[in-house]
Amino acid sequence: MIVTTIRRAVVTLPAAPLGPDNPLPALRPLDEVHRIDDRDKAGLPRDMARQIGHAPLRSLLPVRVRDGYDRTRVPRDLDALVVENDRLRATVLPGLGGRITSLLHKPTGRELLYRNPVVQPANFALNGAWYSGGIEWNIGATGHTTLSCAPLHAARVPAPDGGEMLRLWEWERLRDLPFQVDLWLPDGSDFLYVGVRVRNPHERPVPAYWWSNIAVPEECRVLAPAEEAWHFGYQRRLRRVPVPSYDGVDRTYPLNSTYAADYFYEVPEGRRRWIAALGADGHGLVQTSTDVLRGRKLFVWGAGTGGRRWQRWLTEPGIGGYCEIQAGLARTQLEHVRLEPESEVAWLEAYGPLEAEPAGEWPSVVDAAEARLAAALPRAAVDSAYEAWKPYADTDPGEALAAGSGWGALEVLRGGFKLPGTPFDEAALGEPQAPWLHLLRTGALPEPDGAAPPGESLVAPHWRDMLETAPAAPLTEYHLGVAQWHAGDRAQAVRSWERALPHAPSRWPLLRCLAVADREGGHHERAADRYAEAFDDLCRERRDSDAVWTAATAALGREAVEALLAAGRAAPARAVWERLHPATRERGRFRLLLAALLLAEGRPDAAREVFDAGFEVADLREGDESIGRLWARLTDDPLPARYDFRMRPPV
């Protein structure tokens, strides 16, 4: 008998390096595209309206933005973990969010997922770097998780059938929630079982969010047991539409849509929860779960120019496109559910092959596919597997296979939490946690020995309380201000930063925070002054051979140029630009910034030459139309295809 086996492997793929994180705290509001027009809220079901309004994320703090990557790919060895039985082989990348990058059905040799042949970071995660393909675990808030390109803890754990499970776990920092994902393959099973648990160890309720996101080849038909869906596009409108067709087009074929869009299926109460993507030959993947995982969704890039451009951007030439089928805790990804104090939510998912006829009338096609699923994996079998798994969710992990961050260990030390099954050991503590561990143990935050960009801030109420009672040294006041800003007490944050400024050995981090506060408050002239002063101060301290300093110079320089241009000060903006590192000035984001600077200097022809020479903005944000807007200021010519990332109809 062959039960689940787990082994280490190495996957070699062309990959762009992630580079250093942005060392500046993310003080500005999220540029979140997943927000709906107020006009659409009135007619929503009561529970949906309540959950859309429940604690939407307004800040990335304490997480840092990951924008240091580029588009230069070289072969890179990635540590992988392979979970395998005699029917399926799942390949997991623990260092990149625990992504299942491949799910191979061994008897047929079919790859059930869209397997991206490259790792190309792009600006789709809440905090920046994300890459496409496979199955990802989205926790935290609306969007792709901040852990998309981060390492998770991984270990072997006994499985309910006597074999082994692969456990992945981490501490999600936006909501301060520990979670785990257990993967195993029973003997002879064509389905990968995935047990998921999210815990709230706190004495307060916490907003929870989860969507399992599955990339599949887009030349398919997506089936789900629904006759209606909630359509959400990049016009930020949410409306109920019929399934499979509306406006005379069958939208269950991803390439039938022109523009990128989400379709959140309205699965009736009592109906089995499942979604499948089947090719024209009737073969494909099905995902099903216990009923707690309520939502099902189709995301399409669409067949329009912008969608095709994004598809090519995320992979390499000659590779087919993909769509996403997803499953989540709520009807839509615009919602967050309430997780009560000291409680948890858990469920079981199953992924496997499905063969059914995709073409034909919707009700009969869906019923036939559901019957095939019932024959392959009865609904009762999924419920039984969940009940069998739950006692094993608390089992202590065995052999460690990968290490995540030390933030969970710090929180467990602070809170004294008991989290059986997901140990956050002190051995995981590292340099980022060191000053906070010192604060926890001594009541004081250590001041730095020399000039360096400040470390990561912590902003949860318990850390803010500790900072408020700690000795008021400059670095403590800096971090306290960040925590106060996150809490919405902006006036007090400004006072904390201003108190620290006369005594700080490094003034630029505080000046930058004050500049952001000025800009958010509409004081653009003062913001420009402070940004210029902050950049001057940084340039006096920076070490050009150090990657962290280079990242700080690039991040602050970009913000300073943008603020100075917003205030109509082209000459000081040029002075900042000239002091950026030459390699920074060659990055696509900064070529775009140069074009804006040249236009502000009254040199539109030179700005047009920047476009004509070509550039690629590696960290272009999902839904960002800044390239097209600047182009339209330069010329009436059509936007060149290489710059066309538009995800909605022209306004």
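## Rings, charges and a covered helix

The charged end of Arg99 sits over the ring of Tyr131, 3.9 Å from its centre, where sitting over a ring requires NZ of Lys or CZ of Arg within 6 Å of the ring centre and within 35 degrees of the ring normal. This is a predicted model, in which local features need pLDDT of at least 70 and side-chain atom pairs count only at pLDDT 80 or more, while totals for chains, interfaces and linings use all residues. Residues are numbered from 1 along each chain as its sequence is written, and side-chain values use heavy atoms, with hydrogens and water left out.

A search of the whole structure finds 25 aromatic pairs, meaning rings of Phe, Tyr and Trp (its six-membered ring) with centres within 6.5 Å, counted as stacked when the planes are under 30 degrees apart, edge-to-face when over 60, and tilted for the rest. Two of these pairs involve Trp310, as the table shows.

| Pair | Centre distance | Plane angle |
|---|---|---|
| Phe124 and Trp310 | 4.9 Å | 85° |
| Trp310 and Phe645 | 4.8 Å | 65° |

Phe124 lies in strand 6 (residues 122-125) and Trp310 in helix 2 (residues 305-313), so their pair ties together parts 186 residues apart in sequence; helices (H or I, at least four residues) and strands (E, at least two) are DSSP runs numbered from the N terminus. Both Phe124 and Trp310 are buried, that is, under 20% relative accessible area with a 1.4 Å probe and protein chains only.

Helix 15 (residues 588-600) is mostly covered, with 10 of its 13 residues buried, and just after helix 15, Gly602 takes a positive phi of about 80°.

How values were computed. The expected span of a helix is 1.5 Å times one less than its number of residues. Buried means under 20% relative accessible area, exposed over 50%, partly exposed in between (1.4 Å probe, protein chains only).
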